[in-house]
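Subject: Handing over the two-chain model

Hi there,

Here is the structure I promised to pass on. Please have a look at it first, and then read on for what turned up.

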Amino acid sequence: MVPRKKAMTHSIIFLIVAFGGSVLAGVFGSMLGLGGGALLVPMLTIFMGVEIHYAIGASIVSVIATSSGAAVAYVRDHLSNIRLGMLLEVATTSGAVTGAFVGGLLSGPVLSVIFAAVLMYSAFAMLRRRTDDLTTHVTPHPWAEKLKLNSSYHDKVLNQRIDYNVAGVPTGLGLMYVAGLVSGLLGVGSGVLKVPAMDLAMRVPMKVSSTTSNFMIGVTAAASAGVFFARGQINPFIAAPVALGVLVGSFLGARLLQRVASASIRKVFVIVLVLVSVEMIVKAFGIQWH
Amino acid sequence: MANAPDQAASDGGEGDNSAKLIDMELIISRLLRVGVYTSSAVILAGLLMMIFTRSTGYSPMGAYHLQSLLRYHPHHPEEFPVSAPAVVSGALALKPFAIIMLGVLLLIATPVFRVAVSLVAFAFEKDRAYVWITLYVLVVLIISFLLGKSVG
């Protein structure tokens, strides 16, 4: 009688902590276009003793929740570029399917180190770029005109309409394939790769790239979620508090994004990228030592 | 005449961001909202049922111990359903973990329906390039779900 009651209490504490941590991951995930997965997997494995396979399974569910939850607000505010998102999903879903196959051939530590290296590169590439939102003239790629990718949005902070062109379409597609591959391998949304691909290679404004990334992440994650589900990697006891927490967090994050200028988002983004990549390297070596 | 195509091309992008595209975005927005609210309500119902009935619907009473709930069984996941038919039959039997998994499956389906709605919207706009682009994405998604089944 007593042990059962005590065990029940532990389970409730686990659910509460998992929910609270997921709210925070959802807030930062949707604000940064991270999708929450990159923050959730370290939180669940390091602080909560969750097995990595279950952490990845819960992460992919939360990634879909973040994307679908925040996209409601983003689409309403006309920040997402739907056509750009759909075109790039051709690459991300193809990559996610490839990643689901290749994932079985590579070891976890090797993947973690590769991912960490890509994140580090993204962080330093971000630092080199200008920080203002008033885009200098970007010469559109010929495909961008044919596929109607050039668009505009209303910036609430600057209170003006921002017109933008889209460059580097083939490079962007190639990077998006890699982003999808990482998503399929690691069970993360890989917004950390999608945002720089649009931001740096395609010269899309920061707010458009982070919201369009959020919009695309759910579709990419759905391409690998079925595999995780069939393998039994989605544990309802972990996935339920995580999905609900991330949903609440993503709604809060979507509201905060509107009131923060892009320069400050970028600074937070760079710090988060560095921290997550260090975390991934530490975790990779930690796994080998066990 | 030599300058005219250049001018037309740079103006072309803006003209296409018209009412039709905004309508499509709003349809997608509402679809996503319904999918997210429905799936989260189902997940919450399953979670509350688990807490109040003190049962997952699958494990014996010993499973209340946190460690057994968190133990990974890749080949014998007997503590929760891992196929769509098992989820549906378990949910009909009001098993809390099956109800949570039903919500999870609805959540996974949300982006797939989003792509399907986009396909219809692009078809109504007679935007042939984007019909093919969207159709490709939808086919990849369906194939991935079938592959997921064979992997399991």
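This is a predicted model: local features need pLDDT of at least 70, side-chain atom pairs count only at pLDDT 80 or more; totals for chains, interfaces and linings use all residues.

Residues are numbered from 1 along each chain as its sequence is written, and chains are lettered from A and ligands numbered from 1 in the order in which they are written.

On the α4(B) side the contact is made by B:Ala84, B:Val87, B:Gly90 and B:Ala91, and on the α5(B) side by B:Ala98, B:Ile99, B:Met101, B:Leu102 and B:Leu105 (two residues are in contact if their C-beta atoms, placed from the backbone, lie within 7 Å). Sorted by type, the residues of this contact are eight nonpolar, one polar and no charged (Ala, Val, Leu, Ile, Met, Phe, Trp, Tyr, Cys and Pro count as nonpolar, Asp, Glu, Lys and Arg as charged, and the others, Gly among them, as polar).

Helix α4 of chain B covers residues 84-92, and its axis comes within 8 Å of that of α5(B), crossing at roughly 130° (axes are lines fitted to C-alpha atoms, for helices over the stretch in contact, and angles run from 0 to 180 degrees between N-to-C directions). α4(B) and α5(B) are therefore oblique to each other (under 35 degrees counts as roughly parallel, over 145 as roughly antiparallel, 65 to 115 as roughly perpendicular and the rest as oblique).

As for the chain around them, chain B has six helices and zero strands (helices are DSSP runs of H or I with at least four residues, strands are runs of E with at least two, and both are numbered from the N terminus). Of its 152 residues, 36% count as buried (buried means that 20 or more other C-beta atoms lie within 10 Å of the residue's own, exposed that 12 or fewer do, and partly exposed is in between, with C-beta atoms placed from the backbone). Among the contacts in chain B between residues at least 6 apart in sequence, 58% join residues at least 24 apart.

**Chain A**

Chain A contains 11 helices and two strands, in the order α-α-α-α-α-α-β-β-α-α-α-α-α. Its 290 residues are 58% buried. For contacts in chain A between residues at least 6 apart in sequence, 83% join residues at least 24 apart.

Helix α7 of chain A, residues 169-186, has 18 residues and reaches 26 Å from its first C-alpha to its last, close to the 26 Å expected at 1.5 Å a residue (the expected span is 1.5 Å times one less than the number of residues). Of those 18 residues, 13 are buried, and α7(A) is mostly covered. A:Gly187 follows α7(A) and has a positive phi, near 75°.

Two residues other than glycine also have a positive phi. A:Lys148, with phi near 55°, sits in the loop between α6 and β1 of chain A, and counts as buried with 22 C-beta neighbours inside 10 Å. A:Arg203, with phi of about 60°, is in the loop between α8 and α9 of chain A, and is buried with 23 other C-beta atoms within 10 Å.

By contrast, A:Pro142 in helix α6 of chain A counts as exposed, with 9 C-beta neighbours inside 10 Å.

**Where the chains meet**

From α9(A), A:Gly218, A:Val219, A:Ala222 and A:Ala225 meet residues of α5(B), including B:Ile108, B:Pro111 and B:Arg114. The residues of this contact divide into seven nonpolar, two polar and one charged.

Enjoy exploring!
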